[in-house]
Amino acid sequence: DIQRIQGIEAMLTNVVKKLALPDGPMKDLIDKNLREQFGEQVLKETMQSSFQIYPNEQVGIGDYWRKKIVISKGFPIIIDNNFKLKDRRNGVAVIEVDSTIEPNLEGGPVNFGSMKVRYEISGKQKGTMEFQESTGWPISRKLTQQLSGQVKVEDNPQMPGGMSWPIS
């Protein structure tokens with residue numbers, strides 16, 4: 001598990017400072033949006049999805065295991081991963097992945113000023129990953145995703161009734 005990410009708050013503060021925006025509502029809004037989209041929780045979830053693949057017990061070639069990843073910010077999705085240890089060669093573990101991706105309807109919308117946007121995306125992901133066995137670090141990932149769904153802008157003063165469109 002990703003326990004902690006350090007320096008994110010300082011980095012985001014520095015980004016806002018480098019933008020050299022005058023104090024006021026626009027600067028506050030940009031600061032808030034950056035923290036919602038790139039804050040510690042979002043980065044933890046994103047990194048967790050990269051490293052939460054390891055089985056809870058020892059596996060051999062041909063064995064399967066399953067891991068579910070929940071992402072609640074940005075593009076809130078639930079990824080249900082089915083992994084298979086395909087091969088081990090020269091200290092490298094080759095893992096196949098077959099995933100189902102669904103929208104996380106409990107995840108919050110992305111705020112763009114007064115507009116709130118939801119991405120309701122689902123689909124499949126398949127591919128192969130290689131990991132250095134001695135360190136656990138990923139060497140390569142080749143994944144194909146087929147995703148589709150809706151982008152939904154919630155009702156707001158600039159867009160009464162909201163709006164939606166398909167995405168794939």
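This is a predicted model: local features need pLDDT of at least 70, side-chain atom pairs count only at pLDDT 80 or more; totals for chains, interfaces and linings use all residues.

Reply: Rolling a probe the size of a water molecule over the atoms shows where empty space is left. In this case, a search of the whole structure turns up one cavity of 30 Å³ or more, and the space in this largest cavity comes to about 60 Å³. It is lined by 13 residues, of which Pro 76, Asn 104, Gly 107, Arg 118 and Tyr 119 are the closest to the centre.

Me: Which element gives the largest share of the lining of the largest cavity, and what classes of residue does the lining have?

Reply: Strand 5, which covers residues 115–132, provides the largest share with four residues. Sorted by class, the lining of the largest cavity has seven nonpolar, four polar and two charged residues.

Me: How should I read the largest pocket, and how much space lies in it?

Reply: A pocket, unlike a cavity, is an open set of points. The largest pocket holds about 410 Å³ of space, and among its 23 lining residues Ile 77, Ile 79, Ile 101, Gln 125 and Gln 145 are the closest to its centre. Two or more lining residues come from each of helix 3 (40–51), strand 1 (64–71), strand 2 (77–89), strand 3 (92–103), strand 5 and strand 6 (138–153), and strand 6 gives the largest share, five residues. By class, this lining has 14 nonpolar, eight polar and one charged residues.

Me: What lines the second largest pocket?

Reply: The second largest pocket, with about 240 Å³ of space, has a lining of 13 residues, and those nearest its centre are Val 59, Leu 85, Arg 88, Ala 93 and Glu 133. Strand 2, strand 3 and strand 5 each contribute at least two residues to this lining, which divides into eight nonpolar, three polar and two charged residues.

Me: How many salt bridges does the structure hold, and why does the pair Arg 66 and Asp 80 tie parts together?

Reply: A salt bridge is read from a side-chain nitrogen of Lys or Arg lying within 4 Å of a carboxyl oxygen of Asp or Glu, and the structure holds 11 of them. In one, the side chains of Arg 66 and Asp 80 meet at 2.5 Å, N to O. Because Arg 66 lies in strand 1 and Asp 80 in strand 2, this pair ties together parts that are 14 residues apart in sequence. Arg 66 counts as exposed at 53% relative accessibility, whereas Asp 80 counts as buried at 17%.

Me: Where does Arg 118 lie, and where does its partner Glu 154 lie?

Reply: Arg 118 forms a salt bridge with Glu 154, with the closest N and O atoms 2.9 Å apart. Arg 118 lies in strand 5 and Glu 154 in the loop between strand 6 and strand 7 (163–167), so the pair joins parts that are 36 residues apart in sequence. Arg 118 counts as partly exposed at 26% relative accessibility, and Glu 154 also counts as partly exposed, at 28%. Elsewhere, salt bridges that share partners join Glu 9, Asp 31 and Arg 35 into one network.

Definitions and conventions: Residues are numbered from 1 along each chain as its sequence is written. Side-chain values use heavy atoms; hydrogens and water are left out. On a 1 Å grid over the protein atoms alone, a cavity is a set of points where a 1.4 Å probe fits but cannot get out, and a pocket is an open set with protein on both sides within 12 Å along at least five of seven lines; lining residues have an atom within 4 Å of a point. Grid points are joined across faces, edges and corners, and a volume is the space filled by probe spheres set on the points. Ala, Val, Leu, Ile, Met, Phe, Trp, Tyr, Cys and Pro count as nonpolar, Asp, Glu, Lys and Arg as charged, and the others, Gly among them, as polar. Buried means under 20% relative accessible area, exposed over 50%, partly exposed in between (1.4 Å probe, protein chains only).
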